[in-house]
Amino acid sequence: MGEIYSGCLRVKAIRDGIVGRKLIWCMNVPDVSIILPVYNETARLVPGSTAVVEYLAKQDSKKAKKPLRSRAKKPQSLKAIKKLTWEIIMIDDGSNVPAAEVINHSHLQSTISKLIKQKKFRGYRLSENQGKGKAIATGVFRAKGKYIVFMDIDGSVPITSLPQ
C-alpha cells in the first residue's frame, strides 16, 4: 500500500525509471507553510514574529468569499485562494539564546500558545549552528502546506508580499 506521513498518503511511484513517492491523498493540509529560519535574532525576533502573526490573523478574520466557478481544479497562485489556510514553522539554527526563550519572555507568548493549540505554529531547534540552508531544509521536511514560503525574520521581505 503506501505510507502515511504528515496526514498524507504517499505511494511508491515510478516515472521515467525514477522511483519516488507520489502524493495521492491529504487531509487538513494548509495552503501555505511559512518557514522562518532564525539564528541569533533576539532583537528582531519579536517584531518580525509579531508582523507575521498579525498579518495572518487578519487573513483568518476575513470572511471567505464564494469562489467563482472555474474549470481549474487547483489555484495557480496564492492570489487565487479565497480563504488562505496557513502554518508557521520556525527553525532555530542553534542560537546562543534560544528563540523559544525569547518568545516566552515577550508579549507573543499567549498568541503563540494559541497558535500551537490550533496546530498553526511549530518550532524546532537544531542542536548547533548548521547554516541557513540546513534550517530551511529542516523546515521544508516538516512543512505540510501545498505551497512553501521562506521568510527572514528581519522583515527584509514584508509578510504583506505573501500573495505575490
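Before we start clicking, one convention: Ala, Val, Leu, Ile, Met, Phe, Trp, Tyr, Cys and Pro count as nonpolar, Asp, Glu, Lys and Arg as charged, and the others, Gly among them, as polar. The model is predicted, so local features need pLDDT of at least 70 and side-chain atom pairs count only at pLDDT 80 or more, while totals for chains, interfaces and linings use all residues. Residues are numbered from 1 along each chain as its sequence is written, and side-chain values use heavy atoms, with hydrogens and water left out.

**Stop 1: the whole chain**

You will pass four helices and seven strands, in the order β-β-β-β-α-β-α-α-β-α-β. Helices (H or I, at least four residues) and strands (E, at least two) are DSSP runs, numbered from the N terminus.

Now colour by accessibility. Of the 164 residues, 35% are buried; buried means under 20% relative accessible area, exposed over 50%, and partly exposed in between (1.4 Å probe, protein chains only). As a surface, the protein exposes about 11,000 Å², with carbon and sulfur atoms supplying 54% of it. These areas come from the Shrake-Rupley method with a 1.4 Å probe, and for residues only the protein chains shown count as cover.

Among contacts with a separation of 6 or more, 72% join residues 24 or more positions apart.

**Stop 2: helix 4**

Select residues 132-142, which form helix 4, and highlight its buried residues: Ala 135, Ile 136, Thr 138 and Gly 139. Looking down the axis, you will find these buried residues within an arc of 155 degrees, so they line one face of the helix. The arc is taken from the directions that run from the helix axis to the C-beta atoms. An α-helix has 3.6 residues a turn, so residues three or four places apart point the same way.

Turn to the face that points away from the buried side, and there are the exposed residues Gly 133 and Phe 141.

**Stop 3: Glu 87**

Stay with strand 5 and pick Glu 87. Is Glu 87 buried or exposed? Its relative accessibility is 2%, so Glu 87 counts as buried. With neighbours within four places in sequence set aside, the contacts of Glu 87 include Lys 120, Arg 122 and Lys 144, along with Val 32 and Ile 34.

**Stop 4**

Next, select Tyr 124 in strand 6. Tyr 124 is partly exposed, at 24% relative accessible area. Beyond four places in sequence, Tyr 124 touches Ile 89, Met 90, Ile 91, Asp 92 and Arg 142.

Move on to Asn 129, in the loop between strand 6 and helix 4. Asn 129 is partly exposed at 36% relative accessibility.

**Stop 5: the cavity**

How many cavities of 30 Å³ or more are there? The count comes to one, and the largest cavity has a volume of about 40 Å³. Helix 1 (42-61) and helix 2 (99-104) are the elements that give two or more residues to its lining. To see that lining, select Val 38, Asn 40, Glu 41, Thr 42, Leu 45, Ser 95, Val 97, Ala 99 and Val 102. They divide into five nonpolar, three polar and one charged.

On a 1 Å grid over the protein atoms alone, a cavity is a set of points where a 1.4 Å probe fits but cannot get out, and lining residues have an atom within 4 Å of a point. Grid points are joined across faces, edges and corners, and the volume is the space filled by probe spheres set on the points.

**Stop 6: two positive phi angles**

Keep Asn 40 selected, in the loop between strand 4 and helix 1. Its phi is near 50 degrees, a positive value in a residue other than glycine, and Asn 40 is partly exposed at 33% relative accessibility.

Finish at Lys 119, in the loop between helix 3 (109-117) and strand 6 (121-125). Lys 119 has a positive phi of about 60 degrees although it is not a glycine, and at 70% relative accessibility Lys 119 counts as exposed.

Note on methods. Contact = heavy atoms within 4.5 Å. 1 Å grid on protein atoms, 1.4 Å probe; cavity = no way out; pocket = protein on both sides within 12 Å on 5 of 7 lines; lining within 4 Å.
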